[in-house]
Each structure stands twice: as structure tokens, then as C-alpha cells.
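Try each task yourself before you read its solution.

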Amino acid sequence: MASHSIRVIASTAKVNLIMTWRFFSWTGFALRFFTPLMTLGAAWILYNVVYARQTLPLGFGAVIGSSGYLSFITVGNAFYVFVFAAAFVVGRVMFWERATGTIEATFMTPMSRLAYMSGIMLAAATNSLIDFAAVFILGLAFGFQIALLNAPLFLSSLLLTAFGLFGIGLITNAITLTFRDRTTTANSLMILFMVFCGLVCPVELMPPWAQLISKALPLTYGVRLMRASLLGIVTVDPMHDIATLLVLDAIYVVIGAITLAQIEKNLRKKALFSIF
Amino acid sequence: MFTRVVFAEAVKSLKVYFFSSRTLFWALALPLGNGLYLYFLYLPFATKSVDLQFGATTYTIDLVGFTIIGQLLYSFFTMMLLAGASFDAERWQGTLEVLLLSPASRVAILLGGALANAVNYVWMLVALVLSWVAFIHVSIFVTDPLALCGSLLLSYLAMMALGMCLETVDVYSRRGSIFTAWLQEPVMFLSGQIFPLQSLPVSLLPLSYLLPLTFGLMAVRLTLLGGASIYDVRMPLATLASMTLIFFILASLLVNYAERRAKTKATLTQF
């Protein structure tokens, strides 16, 4: 059973990587950098021109443990691009299966659905690393500097975030299958992540209601760990964040797996798989 | 005939899209999310107001108001961009050829689509009123209601006319929706939605001045939050009126060109 699942993961990842690069589109690739470029540019202008390097009276550095505002923004945006590139693919699997007419065949196979989705996640995360690295390179032009690299923490933050995205992807696909929407669910989730996980502003500075939402998102802890690993932030307790991220990841994956299985069962019963 | 086509196209689009997940996302979730995102971008800074320079005067404007007005007009712009997607939908459904075989005025079809999207924008307006209530400390400073009404009306008309021009891309090309997606962030950046226009590098200003959103933001922010009179904002208002006329004429020329090209090349229904 385990070896079968591993074969499913490997073959699905391989197919998806081939598909991505065979039908590579420069316009689609460039489009993924528009939001981070706009944010980096806007942050640079706000910091250097509009407010002439003033920061928060409470002390931006005191809240974050680092005073590099533009480095803070760059890491947030690189993280967002990683999340976007991965979630964009994983969150739309069922939509594309339905659109290309392969959804019934896919669900007729005896493979584990989780293994199938893991394969897609693996391919998406691999591809996302290119976008992720590209934003750091772009960030150099805006003043990004690595203060102190903590490689194990950096890798942990990437892996655990990918695991959380996998859980979110499962839930998104379950919703897509049920409501037969095209991309609205995935897009709305992206907005939620973009706004509340602290990409452009420390969560501590957000209004209390926004902090509540951000605490429920695994990506909040992922981006905080990533910043800690690159910017030498000492105010973050990595073990606490890793533990919280692990718990949230597990919750999301379990909810996603159960929901997807239930919805598959329901769709089979009502023969609604390929209905738009 | 022209009015009937406009009305029929608008009613059709409203019936299909008014309460769809697509409209709720574009007219509600995205503007609210973007608005909060931009507001949060300002949070690490000490000052909670923005200095807006216009001519020789500097207006100090409340940050929340600055962000909300930015989002109010930008959302209308995205709704106009989205109007072109109705041609994409016609293509998907296989009805685009039939639509363009009819003797209906193409400009009327464009106008109907743009009007429907303007009505779909009501979701954003409701959200705006609610957020205005939530952020009760937004300091509104209106000295000339006529200037405010004129600014809003001319901004919407100019953006609707530009929207009609952009709709023609969807008739001509199958990549219309990609083109729409490409426009969003550059327009946000160049129009002064995120930060005051005087902070933008001078080399980029000519691009900003091509956008009706730039002048709309200028006029509405100054009249609603800065207490400017109609005399103060006469320049942006005149520019918006000129843009409305120019874009409307351009749209009628472009739609004929796009249709002719697509028919010659037989690409109307190709994906």
C-alpha cells in the first residue's frame, strides 16, 4: 500500500512537472510577480519618499526584533509568491480535471486521493521555489539583506508551510467540487492569506480582530519562521511557532482529507462529477 | 434601437452575473481584501495621515479615507475591466458569432456590458458604507457638494468609456482576460491609489496621466476629504470630461476594427 502510494506521488509529480514546462507561458510566469513587485515598489516609495525613513513610534524594530523594513517586506513577498504558485496549482486540481473531462477517470482509479494530491503538491512546491528565489533576487534591488541565515529553520518553515498548503488545497478542492466554481474559492483564499498572514505588516500591529484571523492561518507562523531564519530575529520563539504550525497543519490536512472523501462519496452517489 | 440593445445587453449580463461567485469575488472580496492589504502596508509608519500635493496647496488627508477612496474608484475600474469578460463568456458558450451576426450596434453592446458591470458594483458600495460605519473616525471634509458629485460622475464616466475600449480587446483576441490581469497592478501603482502621486518617480508620471483613474482619485480625494472646491479641481475635471469623449469615440472605432479583423481571420470562436 505504501509503495503504491509512493508510486502515485512520484508519477503524479512527474506528469505535473512535465505539463508545467511543456506548456510554459512567459506571460503567466511574469504575471505571478506583479503583486510582489507592486508591493516592493510601493513599500520602497512609502519608506524612502513618503515617510522619509520614519517608523512606528512604538518601534518597528522592537515589535519585530529587526529594523530592516524593506527586508521584512521582501521576505513576506517571497513567501507569498511561494504560497501563490503552490496554492494556484493545488487549489484548482479538481476544476481542471472537470474542465478537461478527466475527473471521472481519475476518481475511478484505485489510487489514494491523498497520494495523488501529494504528488501535485510536490510538483507545485518544486516549481514555486523558482518564483520564490526570483523574488529574493528582485528584493536585492529594493534593499533586501540577509542578516543571519539559519538554514534548518529556513527549511523547516518551507516544508511546514508546504504541508499546511496541502491541507488548504484539499479543502479548496472539496469546495470546488461541491459548488462547481472555477477559481473563486482559490482566489478568495489567496486574498485571505495576503491580507492576514502578516506579509506587509507585523501581525502585532494589526487590529485585534485581524490578529484573531491571522492566528488561525498556518501561513502566519510560516512567514514568521522564515523571517526569523533570514533576518536574525530573536524575538520569535521558533519552537513555539513550529509546534503551532504543526498542529494547525495537521488540523487542516485532517479536515481536508475527511471533507474531500465525503464529497467524493456524495458526488458518486448523485453522479455529479462532470456536471458544471 | 440603440437604447433597446443597451438595455437588453445590460439586463442579460445582470441576470447572469449579478449574484454570481465571480461578481461577489471581484466586487466584494477582492476590493475589501486589497483595501485592507494597502491599509496594513501603512501601519508600520508613524503618521496616520497622507499629504496630498495639488498645485501649490498641500492637503493633509486621513489615511483610512485615502485608502477607502482609492479602493472605491479602483474597484470601479476593475469592474470595467471585467466587462470585457462577457465577450469571453460568449466565446465559451459558442454565441459570439451569433451576437456579432445580429444588426445590433456594437457600441450599444459594449455600453450595455459596461453598464451592467457598473450596477454589479453595488456590492462594493454596500461594503463601502459598512466599512465607513466601522471606521467612524474617517474625517470627511466637503465644502462644495457640487464638486464632489461632478468628480464622482466624471470619474465613473471616463472609466466606463475606457472600459468600453478595453472590452474590444476581448473581441479581437483570445488573450483578453490575460491582458486584463496584466493591467491591474501597474494601474494600482501608477494611478496614485497606493501613495500620493507626487511620490512617484517623475519618469513614470506620463503613464499616470494616461489613466482616468489618476484624475478621478485626485478629484474625489480632494473634494471629499480635503475640502476642495470645483474651482480647485477644474483641471482634473476637465481632463476627465475630455477622456470620456476621447475614449468613447475610440471604443466605437476599436470595436469595428476588432470585429473586422476577427471576421477576416475567422478567429472569433477560436480559443
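This is a predicted model: local features need pLDDT of at least 70, side-chain atom pairs count only at pLDDT 80 or more; totals for chains, interfaces and linings use all residues.

**Exercise 1.** Find out which elements of chain A have the lowest and the highest mean pLDDT.

*Solution.* Then go element by element. Helix α4 (residues 60-64) of chain A has the lowest mean, 69, and helix α11 (residues 208-215) of chain A has the highest, 93.

**Exercise 2.** Work out how helix α12 (residues 218-231) of chain A is oriented relative to helix α13 (residues 238-270) of chain A.

*Solution.* First look at the axes: those of α12(A) and α13(A) come within 9 Å and cross at roughly 150°. Because of that angle, α12(A) is roughly antiparallel to α13(A). Next, take the handedness: α12(A) passes α13(A) in a left-handed crossing. Finally, check who meets whom. The residues of α12(A) in this contact include A:Y221, A:L225 and A:A228, while those of α13(A) include A:I242, A:L245 and A:Y252.

**Exercise 3.** List the buried residues of helix α3 (residues 34-50) of chain A and say what they pack against.

*Solution.* Begin with the residues: A:T35, A:P36, A:T39, A:L40, A:G41, A:A42, A:A43, A:L46 and A:Y47 are buried. Now look for their neighbours. In chain A they pack against α5 (69-90) and α8 (113-141); in chain B, they pack against α2 (21-42) and α9 (176-190). One last stop: just after α3(A), A:A52 takes a positive phi of about 45°.

**Exercise 4.** Sort the side chains of strand β1 (residues 49-54) of chain B by face, then trace the strand's pairing with β2(B).

*Solution.* Walk along β1(B) and the side chains alternate. Next comes the pairing: six bridges join β1(B) to strand β2 (residues 57-62) of chain B, and the two run antiparallel. Among the partners, B:S49 bridges to B:D62 and B:L52 to B:Y59. To finish, look at the turn. Two residues lie between the strands of this hairpin, where B:G55 takes a positive phi near 65°.

Technical notes. Residues are numbered from 1 along each chain as its sequence is written. Chains are lettered from A and ligands numbered from 1 in the order in which they are written. A residue is buried if 20 or more other C-beta atoms lie within 10 Å of its own, exposed if 12 or fewer, and partly exposed in between; C-beta atoms are placed from the backbone. Helices (H or I, at least four residues) and strands (E, at least two) are DSSP runs, numbered from the N terminus. Two strands pair if DSSP finds at least two bridges between them. pLDDT is the predictor's confidence in each residue, from 0 to 100. Axes are lines fitted to C-alpha atoms, for helices over the stretch in contact, and angles run from 0 to 180 degrees between N-to-C directions. Angles under 35 degrees count as roughly parallel, over 145 as roughly antiparallel, 65 to 115 as roughly perpendicular and the rest as oblique. A crossing is left-handed if the near helix is turned anticlockwise from the far one by less than a right angle, and right-handed if clockwise. Two residues are in contact if their C-beta atoms, placed from the backbone, lie within 7 Å.
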